[in-house]
Amino acid sequence: MKSNHVTLKDIARILELSPSTVSRALKDHPDINEETKKLVKTFAEKVNYRPNALALSSGNKKPTQ
């Protein structure tokens, strides 16, 4: 069963931006140009982009010692 879920990398490829630029634009990072933020956010809305919850949670964990 194939998912039709649009990923951050898909958006980056289509808009010809790096995945990190797309990620920062979606998070309203101050280093990203306002036009780029608007482009990314508009496109993400249009394709119904939703962040991957599993990927988001994996970045919040502290390493165990």
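1. Among contacts in the protein chain between residues at least 6 apart in sequence, 30% link residues at least 24 apart. Keep in mind that this is a predicted model.

2. Along the sequence, the pattern reads α-α-α-α.

3. Next, burial and surface. The protein chain has 65 residues, and 18% of them count as buried. Its accessible surface comes to about 5600 Å². Carbon and sulfur atoms account for 52% of that surface.

4. Which residues make up the largest nonpolar core? There are 11 in all: V6, I11, A12, L15, V22, A25, I32, V40, F43, A44 and Y49. Three helices each supply at least two residues of this core: α1 (8-15), α2 (19-26) and α3 (34-46).

5. A12 is one of the core residues. Setting aside neighbours within four places in sequence, A12 is in contact with L17, S18, P19 and V22.

6. Look now at the loop between α2 and α3, where N33 is found. Is N33 exposed, partly exposed or buried? N33 has a relative accessible area of 46%, so it is partly exposed, since that class runs between 20% and 50%. N33 and T21 are 12 residues apart in sequence, and their C-alpha atoms are 9.8 Å apart.

7. K38 lies in helix α3. Its relative accessibility is 62%, so K38 counts as exposed, the cut-off being over 50%. K38 and A25 are 13 residues apart in sequence and 8.1 Å apart in space, C-alpha to C-alpha.

Technical notes:
Residues are numbered from 1 along each chain as its sequence is written. This is a predicted model: local features need pLDDT of at least 70, side-chain atom pairs count only at pLDDT 80 or more; totals for chains, interfaces and linings use all residues. Side-chain values use heavy atoms; hydrogens and water are left out. A nonpolar core is a set of buried Ala, Val, Leu, Ile, Met, Phe, Trp, Tyr and Cys residues joined through side-chain atoms within 4.5 Å. Buried means under 20% relative accessible area, exposed over 50%, partly exposed in between (1.4 Å probe, protein chains only). Helices (H or I, at least four residues) and strands (E, at least two) are DSSP runs, numbered from the N terminus. Contact means heavy atoms within 4.5 Å. Accessible areas come from the Shrake-Rupley method with a 1.4 Å probe; for residues, only the protein chains shown count as cover.
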